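Student: I have a new structure to look at. Could you show me how to read the places where something might sit?

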Amino acid sequence: MRKCVLVSGGAGFIGSHVTVELIEAGYDVIVADNMSNCDLTCFEGVKKITGKDDIPFFKIDFTDPVAAELLFSTNEIDAVIHFAAFKAVGESVNEPLKYYKNNLSSFMNVIESARAHGCDNILFSSSATVYGEPEELPVTEDTPRQPATSPYGNTKTMCEDILRDCVKAYPEIKGIALRYFNPIGAHPSALIGELPRGVPNNLVPFITQTAIGKRECLSVFGDDYPTPDGTCLRDFIDVVDLAKAHVFAVRRMLEGKMKKDYEIYNIGTGTPLSVMELIKGFEKANNLKLNYKIAPRRTGDISALWADPTLANRELGWKAERKTEDTLAAAWAWEKHLAGK
Ligand code: WQD
């Protein structure tokens, strides 16, 4: 019997890549999204990539408990992967209530409705931001979380704790939290990718928009960090590798392979790259010169963060495989696709 997975926030950047991998792994998928931070470009791309034109799609705002309840009561859902959340770090500082209300109530409504209708497998899209600026690197899942530096980051910490406590209280519920590092790139088909609204906050979309001419110049936020080349170090994980990790995690839940009722995994490559190395890698992979300048540090940035992914490698059987140059070539192909080139 084919299992059905609900992907909440499934029309977005990571949700659409996860939907592709789930379908290609043989799962039925339901996509739900309130479309507050995306349009249907990626969902249409998912249909083209998979050749499935009948993927159920529901335009739903999960802060509405009635909508969440209706979705779970009218569909046979075996697991839910929860992406639906606001995710702009800077915006969350200026509008904390918007972030707490949306990100927390959406997740609580999903858990409540899932539980009420026999969907006992909850996979939460968390973030390495919960580690703050760790004392030691690389971080493992036992590295202490630090007080979040933004309301956005705090909602990730709080949602992990909500899931942890629900698993404790409700014996039937199983939970996995995947802590992403820095997702980058796009599907090799160039039919889905990152679609930031307005000026991109994240590095790679700003790079590709600069390369295509939508942005004048990339600012490198600081080259005076205590790192080999002075620019920040990050664990840039290909979005397709990241998506595949979700399939491994869902499979572990649905096949009853979990060793604890609540499990947490770092989803990263384990290999730090600097901002400058990424810029140079983008230029080399795509045979172009990028217009960038060194600018002052960005408030809130930490100098270095990367994963020890050993636990995910061992327990999920998942490992990041894609080469950075292929990731950066895919990011560029996606930007050109958006520009109609
Ligand atoms: C990476 C590096 C910047 C833009 C954020 C969120 C995190 C997660 C991933 C959701 C930093 C530098 C960036 C630019 C630059 N998101 N940079 N010029 O800040 O590591 O993590 O996205 O879960 O929660 O905090 O990612 O891509 O914004 O920045 O120099 O125009 O690139 O200073 O060192 P970050 P990022």
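Predicted model: local features only at pLDDT ≥ 70, side-chain atom pairs only at ≥ 80, totals over all residues.

Student: How many residues surround the ligand?

Tutor: A residue is near a molecule if one of its heavy atoms lies within 4 Å of it. Here 18 residues surround the ligand, and Tyr-152, Leu-203, Ser-219, Arg-234 and Asp-301 are the closest.

Student: Which class of residue does the shell hold: nonpolar, polar or charged?

Tutor: Ala, Val, Leu, Ile, Met, Phe, Trp, Tyr, Cys and Pro count as nonpolar, Asp, Glu, Lys and Arg as charged, and the others, Gly among them, as polar. The shell around the ligand has nine nonpolar, six polar and three charged residues.

Student: What lies 2.5 Å from the side chain of Tyr-152?

Tutor: A polar contact is a pair of N or O atoms within 3.5 Å. An oxygen atom of the ligand lies 2.5 Å from an N or O atom in the Tyr-152 side chain. For Asn-202, the distance from a side-chain N or O atom to a ligand oxygen is 3.0 Å, and for a polar side-chain atom of Arg-234 it is 2.7 Å.

Student: Which residues of the second largest pocket's lining belong to each class?

Tutor: By class, that lining has five nonpolar, one polar and 10 charged residues.

Note on methods:
Residues numbered from 1 in each chain as written. Heavy atoms only, no water. Polar contact = N/O pair within 3.5 Å; in protein donor to acceptor, adjacent residues only side chain to side chain.
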